[in-house]
Amino acid sequence: MDNKTLQALLDAAAPLIELAVAEDIGPGDATSTATLDPRALLHGRITAKERGVIAGLPVAEAVFRRVDPAITFTARVADGQEVVPGEIVADVVGPGPSLLAAERTALNFLQRMSGIATITRSFATAVSTTNATILDTRKTLPGYRVLDKYAVRMGGGMNHRMSLFDMMMVKDNHIDGAGGIALAVERARAQHPGLPIEVEVRNLDELRQALAIEPPLDRILLDNMDLDTMREAVAIAAGRVPLEASGNVTRARVKDIADTGVDFISVGALTHSVKALDLSMKIQPVEAAAIESLSRETRDDPATRIRVVKNALGDRLVILGHHYQRDDVIAFADYRGDSLELSRRAAQADAEHIVFCGVHFMAETAAILAKPGQRVYIPDMDAGCFLAETASEHLVEEAWGILDTALAATGSSAGAEITPITYVNSDAALKAFCGQHNGTVCTSGNADKILKWAFSQRPRVFFFPDQHLGRNTAHKLGIADDDMLLWNVRRPPSAEAIRSAKVILWPGVCNVHQRFRPEHVHALRARYPAIRIIVHPECKAEMVALADDAGSTSYILKQVEAAPTGTQWAIGTESRLVQRLQAEHPDQRILSLSDVPPFCANMTQITAANLADVLDALLHGESLNEVTIEPEIRHWAKIALERMLAL
Ligand code: SF4
């Protein structure tokens, strides 16, 4: 977060903190001052009791510091980061009565803001495979608008207008009062020529009137329309003016709304029906905390448990860690890398036990490549991948059938004309599908080489599940957008469209890399003219086009490692990798490309504690979270993977 944003947040929070402190503490915390020694230092640990997204750490810190400037506040996560139950959010140390007096107020701010960020993230994730952006509204808690809207941004949403004065919204009452849309807009523009203007329309007739206005409006709001009408509205507008859907937007319905093709969806519930994120603070004397952490060091601290098992098993165990893993997990990886490097490592490993600290498809890949007798484990079986889950075997088989029928009409077939390629971020069953249909697997590090190979086999490629990697790689090979076809699961393309496509792209996206936007690039270039922008090819094509460079995580690492002192970077990939680069290269300025650094929630699920559990089980001769693959799937998936590794 830049200093200006931070200062604006703290300025808005300051009077609210004063009110809250006066309301809760007033002349003093009667219980704490009566029961605690004011000279004794206490250590408070704020932890998450449920899964969610954190927002408001600077405000919580300001509360503690307002109550007692002697309190030190250390954030253990960043705003915008997802946390799992039990995860440490912050540590606070200070005089006991002050800590306890500030606790409730600080947590009230932090829990409310984190609640907003959490629900926003769930809406943003639901539409992340579409082009729609989630917006907030003015339905905020009176006085809390800056805080509420900040939390929306931390959740991955965008702010709508802040107030009535920074954007004009011509609504039904204005239209009826002025005597029509055109007249209302004319008057509004005459009074405030510099302000953006949005018009609310209730039906398609009003939409046509709004679209006819010159110069075009900045946005049109479709008020409470059903899905069919919204689809029609998108077709009528044909991109002339961005469309916003509003009214009756629920979590269950938001994806259907986004699929109509609207550009924005505003959701009042983000801020008007806040459910606070469950966080708690546990207190202990500082000395006791030190003693406890010392004893944990020698007893049940996850790091110690991991070390003990690593020493005991020696070469019988290898731990692989993906770059997006937490620091306290990656610290124990024998090898760290991206998908390609780790799949090679998995294939070469001789250890009896391979523990994969990454998401499920990575552990599956290791299990497919494992030698006889080798066993593969993952610390959390539920650590999936948002992108991988956008494509199931059933849906891909169904699409293949449609492709086959379209080509059969010309006397050919899908098998004769199309090479299927799956990005390694996919289920084992899809790798097997590629093995069976003479295709292969690719990673972000070798996608161009694999695509070239695919075209040397057959004239067309079916690429899944990541549309952006497929499109970006095809662009590198000189293939134009007109030669690419984006698959639509609900409304498959026509046979004619299929027959004219060279590359058929599955519509999947990664919800981490999808979050980088052109405005992030423009803002950073304006602030740091010499900055180099480098992005992962899972980002949208417009981001790759705007960036100075693009490549896999390993490629990004190599570029930073080779750069001279003083180089400035803005990196468009998962934030743990960016943070690690910042720590390892203090001589360079390294920033996340996004103002809200995106962390992969799936990778977050792997913790030192669940890694230690898996290792403990191994030490006791038990098997916990072993990843196994059906023999038939393994056979064909291995063929696809070995084909890739041989190229
Ligand atoms: S960063 Fe994206 S592609 Fe990688 S594991 Fe997370 S969700 Fe999947």
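Buried here means under 20% relative accessible area, and exposed means over 50%. Keep that pair of cut-offs handy for the exercises below, which all use a predicted model.

**Exercise 1. Which residues of H29 are buried, and where do they lie around the helix axis?**

Start with the helix itself: H29 covers residues 631-646, which makes 16 residues. From first C-alpha to last it reaches 22 Å, close to the 22 Å expected at 1.5 Å a residue.

Next, pick out the buried positions. Ala637, Ala640, Leu641, Met644 and Leu645 of H29 are buried. Looking down the axis of H29, these buried residues fall within an arc of 135°, so they line one face of the helix.

Finally, check the other side of H29: Pro631, Glu632 and Ala646 are exposed there.

**Exercise 2. Describe the surroundings of the ligand.**

Now list the neighbours, using a cut-off of 4 Å between heavy atoms. The residues around the ligand are Tyr324, Val359, Cys385, Phe386, Asn425, Cys510, Asn511, Val512, Glu538, Cys600, Asn602 and Met603.

Then sort the shell by type. It splits into eight nonpolar residues, three polar and one charged.

**Exercise 3. Ala238 and Asn248 have a positive phi. Are they buried or exposed?**

Background again: most residues other than glycine have a negative phi.

Ala238 goes first. Its phi is about 45°, although Ala238 is not a glycine. You'll find Ala238 in the loop between helix H9 (227-237) and strand E10 (243-246). Its relative accessible area is 65%, so Ala238 is exposed.

Asn248 comes next, with a positive phi near 55°. Asn248 belongs to the loop between E10 and helix H10 (254-259). With 53% relative accessibility, Asn248 counts as exposed too.

Technical notes. Residues are numbered from 1 along each chain as its sequence is written. This is a predicted model: local features need pLDDT of at least 70, side-chain atom pairs count only at pLDDT 80 or more; totals for chains, interfaces and linings use all residues. Side-chain values use heavy atoms; hydrogens and water are left out. Ala, Val, Leu, Ile, Met, Phe, Trp, Tyr, Cys and Pro count as nonpolar, Asp, Glu, Lys and Arg as charged, and the others, Gly among them, as polar. Helices (H or I, at least four residues) and strands (E, at least two) are DSSP runs, numbered from the N terminus. The expected span of a helix is 1.5 Å times one less than its number of residues. Buried means under 20% relative accessible area, exposed over 50%, partly exposed in between (1.4 Å probe, protein chains only). The arc is that of the directions from the helix axis to the C-beta atoms.
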